[in-house]
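I opened the structure to look up how its parts are arranged. My notes follow in the order in which I made them.

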Amino acid sequence: MSRFELQHITRRFPTVTALDDVSFSFADGEFFVLLGPTGAGKTTTLRIIAGLEKQDGGSILLDGQNIDSHTPAERDVAFVFQQYSLYPTMTVYDNLAFPLRSPMRKTPEPEIKKKVEDAAEKLRITQLLKRKTAQLSGGEMQRVAIGRAIVREPRLFLMDEPLSNLDAKLREALRVELKHLQKTQGSTTLFVTHDQIEALTMADRIAVLNEGRIVQQGTPDDIYDKPGTTFVAQLVGTPKINLLQAARQDGTVRVADSGLSVPAPKLPLPASFLLGIRPEDIRPDPKGAFTAKVVLIEPLGVETILHLRSGSLPIVGLVPGMAAQKTGEEIRFDIVQEKLHYFGTDGMRIVGDAL
Amino acid sequence: MATIELRKVEKKFGDSHAVKPLDLTIGDGEFVVLLGPSGCGKTTTLRMISGLETVTTGTILLNGKEVTWNHPSERDMAFVFQFYALYSHLSVRQNIAFPLQAQGMKRVDIDRRVKEVVDILRIPHLLRSRPGKLSGGDQQRVALARALVRRPSAFLMDEPLGALDAELRESMRAEIKNLHIAQHATTVYVTHDQVEAMAMGDRIVVMSKAEVQQVGTPMEVYYNPSNLFVARFIGSPGMNLVKGRVSRESVIIGDCGKSPLPAGWNASLARSLDGLDEVLMGFRPEAARVSANGPFGGEVYSTDMHGAYTVLHVRICGDEIVHIRSDRQTSYPMGTPVRFDLDPDMVRFFDPRTEAAIRREAT
């Protein structure tokens, strides 16, 4: 069993603080995703866990034991990068066998054969074992790179944007494979990405990182349904959440520049704040309480994005299938009121007082 | 304003085809997207339209007049690239004015035209800036302004959003479409991103391996793909395609289920398959619905939470994975047995030998 715990990790560079008091932990068998934009500190975090870089403050614990002084080899983690870093002149088999043949391990060849074949089968690359890696497609190379990490049976997989060099279709397919593999193997994985879809679809839990700080931690459901800040709310979900200037007036929430209003929730709302509405919670309905003009329609097949204008306020809606609405048309719609989000002007989610 | 017509336009490099003979007519004010994976010939096609690339054979007409061998500058089309190709030593204003100055236009006229386009693109505040100081989105707006200021007869855009991050790409997508609605200029737009193609195109030309696979509206390529390539390429995830057998009354998917043959297919299946009973059945992820009494069954391989919805990946018949779009209400742990049914109107069939779609008889 291995449980990694980061306690108050800080990492400073001459001009920036890359990580500022970062704490989180993940348990054995968990798929944990660090999500954040470029420069948030995701890769630095991975490198510190691997022991490739030293933190300036804080500690890393493995099963309760401090491992700050452990070398990368002693930490027994396997890295999978965006770049595949395979040996191009070697066969797939030899690439997979490589870590097992290292002088530190000296695994017997029959055992290597078994492990390589097992990994190849799990990743569906058995038919490629005799090929040179230079002849493979990007998706195949990334499978081999993942396979090379798997054969080592490390304590922890560290994956740094491993899918971001692949085209959309391959990324989609490998996402499903990787998640299935992780669940069937029960391997502990820390996965870094800037892609919110990867985070939502793969993670057991997500930590959102921004400018070196953890902004929120939780399950994909928590992050999507109860974003703690406007930053998180805008980071997850496509199209992006509508964030609308609103004010409280006699028990009613009124949205500026539009006819939108909803009954005030039982929350400690200040006089003015931001109302968040996810696009899918805008529901066109001929008997709806609100009106808007359809400005632009983006049909995506499975769903349609409606760009609306209510009063002078632009809002974005998302409806299933090919929309019946037409550009320029006036439509009526409702809002799913139990799914609204409220944020203070400081960007923090407004939550009810604990009773 | 312009109509563009390609007649048997072909491009060969040595013996290999970059673009096989292609016929396409782009109407005045139409937004046509050339869509396909890298190397499919879409950019070469665009470059032949612009005159930056010569054709091997075939004819290109602009407003009914042949321009096949005209110099790019004689075609009056504006090119917008993925990389903005702005002059870094000039201000935004000078960048936008550049094509007009090159034409020798008078200062007052240039000023008026520049003001017009920066207002449309909402970048008047950037006029004095240098391009290098701008965000990717603003640089692309400047590049669009420089194309727009010429009032060309057509816009040719080569992956103009390819270098932007996902969030910006989404908002710029809507901006370009709005611009097109306002200006109504004939536009040919190249992308490898099917979401972009669906969202923006009046019509989509799907290309693969130097060949046009289908020309159609977003609705047509999504609901009635012409072949397996289009069925897989359009949609995220793409269309589910499973091996099956058909008889007069039913469709049987291996040992994982059998359902009545949807109405309207019997005669065309019999005609197309000509005695063969193997077929590929296609259905979009939203055409399947989890239902305890559904005719097909499998077990959950993996599930994806996408925020607004969930995608179930279900393993059927041992080795095939089908994708089913579902709401987020129910959770489906890995290995859970599930049954599902299909919306009969959304079932499609393909001939496994030719990979072509079999068309349902008109009803």
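**Entry 1: two helices of chain B.** I looked up helix H3 (residues 107-120) of chain B and helix H4 (residues 136-149) of chain B, whose axes come within 9 Å and cross at roughly 135 degrees. Helices here are DSSP runs of H or I with at least four residues, strands are runs of E with at least two, and both are numbered from the N terminus. The axes are lines fitted to C-alpha atoms, for helices over the stretch in contact, and angles run from 0 to 180 degrees between N-to-C directions.

Two residues are in contact if their C-beta atoms, placed from the backbone, lie within 7 Å. The contact of H3(B) with H4(B) has 7 nonpolar residues, no polar ones and 1 charged. Ala, Val, Leu, Ile, Met, Phe, Trp, Tyr, Cys and Pro count as nonpolar, Asp, Glu, Lys and Arg as charged, and the others, Gly among them, as polar.

**Entry 2: the basis of these notes.** The model is predicted, with local features needing pLDDT of at least 70 and side-chain atom pairs counting only at pLDDT 80 or more, while totals for chains, interfaces and linings use all residues. Residues are numbered from 1 along each chain as its sequence is written, and chains are lettered from A and ligands numbered from 1 in the order in which they are written.

**Entry 3: domains.** I found chain B divided into domain 1 (4-227) and domain 2 (237-358); the bounds come from an automatic or database domain assignment. The C-alpha centres of these two domains of chain B lie 38 Å apart. Between them, 4 residues of domain 1 of chain B are in contact with 4 residues of domain 2 of chain B. On the domain 1 side of that contact in chain B I noted 1 nonpolar residue, 3 polar and no charged. Chain A is assigned domain 1 (4-229) and domain 2 (242-343), with C-alpha centres 39 Å apart.

**Entry 4: chain A against chain B.** How many residues of chain A are in contact with chain B? I noted 29 residues of chain A, in contact with 29 residues of chain B. Helix H6 (168-185) of chain A gives the most to the chain A side, with 6 residues. That side of chain A has 14 nonpolar, 6 polar and 9 charged residues.

**Entry 5: a sheet in chain A.** I traced an open, antiparallel sheet of 5 strands in chain A, in the order S13-S12-S11-S14-S20. Strands pair if DSSP finds at least two bridges between them. The edge strands, S13 (261-263) and S20 (341-343) of chain A, each pair on one side only.

S11(A) and S12(A) form a hairpin with 2 residues between them, and Asp250(A) in the turn has a positive phi of about 45 degrees. These two strands of chain A pair over 4 bridges. I found Ala246(A) bridged to Val255(A) in S12(A) and opposite Phe273(A) in S14(A).
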